[in-house]
Amino acid sequence: MLVGGHLDSWDLGDGSHDDGAGCVQSMEVLHLFKTIGYKPKHTLRAVLFMNEENGVKGGLQYEAEAQRKGESHVFALESDAGGFAPRGFSFEIDDANFSQVSLWKPLFEPYLIHLFRKGHSGVDIGPLKSPKIVKAGLQPDSQRYFDHHHAANDTFDAVNKRELELGAAAMASLVYLFDQYGIR
C-alpha cells in the first residue's frame with residue numbers, strides 16, 4: 001500500500017499546494033499510525049514522487065522498480081490537489097470494490113468528506129499496474145486551488161495548517177479501512 005504526492009515545483013512559487021501539501025499529508029499518515037500504535041497488516045509506504053510535471057518520470061520509475069522487485073500493490077492513494085479541506089475521494093476501482101467503499105461513506109459523512117466517486121486518482125500512481133489494485137485520490141475543496149496552482153503565491157504561508165491536517169486524517173482513515181478490509 002502506498003500514499004504519495006510529488007516534489008517537482010518548477011514554476012513561480014515553491015509548490016506548497018502543488019504538491020508539497022500532498023507530500024506532507026502522505027508522511028503524516030505514517031506519523032499518525034505510529035502515534036496511535038497502529039501496525040498495518042500490509043506494508044505501507046509514503047512515496048514522494050519526482051517530475052510529475054515533466055513526463056511522470058517518478059511514477060514510471062517507481063513502477064519499474066516495483067516490477068523489478070516483484071512487488072504487488074493492493075492500494076495506492078495520491079494527494080495532488082492542494083492542502084485544502086478534504087471533501088472525499090475519487091477511485092479507479094471495479095464495481096465490486098466500489099460497492100464495498102460506498103459502505104464506508106457514512107463514516108466520513110459527519111465530517112463532510114463523503115464525496116466518493118469513480119474517476120481519476122492521480123498522475124503519479126497512474127503507472128502502477130499490479131493485478132489487483134485500487135487507486136484513490138484525495139479530493140479537497142477545489143474552490144481556491146487555481147488561485148495558487150503554478151502561481152507566485154503557491155508558498156508555505158498559503159497553506160492552512162488545519163486543512164492540511166484534516167486531509168492527512170482523511171487519508172489515514174481511508175488507508176486504515178483498506179488495510180483492515182482489503183479489496184475483493
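Biologist: Where is Leu112 found?

Modeller: This is a predicted model, in which local features need pLDDT of at least 70, side-chain atom pairs count only at pLDDT 80 or more, and totals for chains, interfaces and linings use all residues. Residues are numbered from 1 along each chain as its sequence is written, and side-chain values use heavy atoms, with hydrogens and water left out. Leu112 is not a glycine, yet has a positive phi of about 60°. Helices (H or I, at least four residues) and strands (E, at least two) are DSSP runs numbered from the N terminus, and Leu112 lies in the loop between α3 and β5 (115-118).

Biologist: Is Leu112 buried or exposed?

Modeller: Buried means under 20% relative accessible area, exposed over 50%, and partly exposed in between (1.4 Å probe, protein chains only). With a relative accessible area of 53%, Leu112 is exposed.

Biologist: What is the phi of His150?

Modeller: His150 is in the loop between α4 (145-148) and α5. At 22% relative accessibility, this residue counts as partly exposed. His150 is a residue other than glycine with a positive phi, near 55°.

Biologist: Which residue caps the N-terminal end of α5?

Modeller: Helix α5 covers residues 161-181. A side-chain oxygen lies 3.0 Å from the backbone nitrogen of Arg162, and the residue supplying that oxygen is Asn160.

Biologist: Which residue just after α5 takes a positive phi?

Modeller: The helix α5 has 21 residues. Just after α5, a positive phi of about 65° is taken by Gly182.

Note on methods: The expected span of a helix is 1.5 Å times one less than its number of residues. A polar contact is a pair of N or O atoms within 3.5 Å; within protein, one must be able to donate a hydrogen and the other to accept it, and residues adjacent in sequence count only if both atoms are side-chain atoms.
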